[in-house]
Amino acid sequence: MEINMSKLTATIAAIALTLCGTTLTAQEQRAHLFTPSELISLPIEEDKKVNVVGTAKAIGYDESRNVIWFTLADDISEIRVEYTGPLPGLFSLEEPVLVQGKMKQSLLIAVSIWVDMENNQDYIPENILNELRVLGIIR
C-alpha cells in the first residue's frame, strides 16, 4: 500500500490543530474573499488582486477622470471603489456587491463587479462562490 505523504501530513496537521484547540479565523477559512474591514486591517500588497464583498453605500462620478466610484461597506468599515465602465444593470445601493480588483493605497480599483450573485453563479469563480455560501450571501 502506497502512502500519499501530502495527505498524511495534512491529516496529521488537522489532528494536531484539533487536539491543541486551535481554530482558524474566519479570514483564514475564507482565504480568497475579504470584507471591507478585513481589507483595511490586513497588510495587502499594492497591485495584488483581491475579492471584496460588501454593501454599496454611496455612488458618484468623477467627470474629469471618467470614473464611477462607490463605497463598499460592512458593519464596521467602508472602502472607496473606482471603476471605469458601466456598472452592472442591477447595481443598487444597499445591496450586496462583489468586487474583484487591485488595491492602490486605500482605494480599490475594480476590474469586475458582480451583483445579484444568487442568480449569476455561472460567472463567479467556484472558490469565491463557496466563500459567499459560508458568509450566507448565497445558498
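**Group meeting: a walk through the predicted model**

Okay, let's start with a pairing: β4 and β5 run antiparallel and are joined by seven bridges. Two strands count as paired if DSSP finds at least two bridges between them. Helices and strands here are DSSP runs numbered from the N terminus, helices being H or I with at least four residues and strands being E with at least two.

Before I go on, a word on what we're looking at. This is a predicted model, where local features need pLDDT of at least 70 and side-chain atom pairs count only at pLDDT 80 or more, while totals for chains, interfaces and linings use all residues. Residues are numbered from 1 along each chain as its sequence is written, and side-chain values use heavy atoms, with hydrogens and water left out.

Back to that pair. β4 and β5 make a hairpin with two residues between them, and Q105 in the turn has a positive phi of about 60°. M103 has L108 in β5 as its bridge partner. On to β1: seven bridges join β1 to β4, and these two run antiparallel. Here V52 stands opposite V99 in β4.

Now the overall layout. The protein chain has four helices and five strands, and along the sequence the pattern reads α-α-α-β-β-β-β-β-α. Of its 139 residues, 35% count as buried, meaning under 20% relative accessible area, with exposed being over 50% and partly exposed in between (1.4 Å probe, protein chains only). The chain exposes about 8900 Å², and carbon and sulfur atoms supply 55% of that; the areas come from the Shrake-Rupley method with a 1.4 Å probe, and for residues only the protein chains shown count as cover.

So what sits inside? The largest nonpolar core has 20 residues, and F70, L72, V81, V97, V99, L108 and I113 touch the most other members. By nonpolar core I mean a set of buried Ala, Val, Leu, Ile, Met, Phe, Trp, Tyr and Cys residues joined through side-chain atoms within 4.5 Å. The elements giving two or more residues to this core are β1 (49-62), β2, β3, β4 and β5 (107-114). Apart from this core lies another, of 10 residues, among them L33, L98, W114 and L129.

Let's zoom in on I113. Leaving out residues up to four places away in sequence, I113 touches F70, Y83, L87, P88, V97, L98 and V99, where contact means heavy atoms within 4.5 Å.

Which residues form an aromatic pair that is edge-to-face? Rings of Phe, Tyr and Trp (its six-membered ring) pair if their centres lie within 6.5 Å; planes under 30 degrees apart are stacked, over 60 edge-to-face, and the rest tilted. By this rule there is one aromatic pair. That pair is F70 and F91, at 5.0 Å centre to centre with 65° between the planes. F70 lies in strand β2 (residues 67-73) and F91 in the loop between β3 (78-83) and β4 (96-104), so the pair ties together parts 21 residues apart in sequence. Both F70 and F91 are buried.

Also in β2 is I68. I68 counts as buried because its relative accessible area is 17%. In sequence I68 and E82 are 14 residues apart, yet their C-alpha atoms are 5.8 Å apart in space. E82 is also one of the residues that I68 touches, including I59, V81 and L87.

Last stop, T35, in the loop between α2 (26-29) and α3 (36-41). T35 counts as buried because its relative accessibility is 16%.
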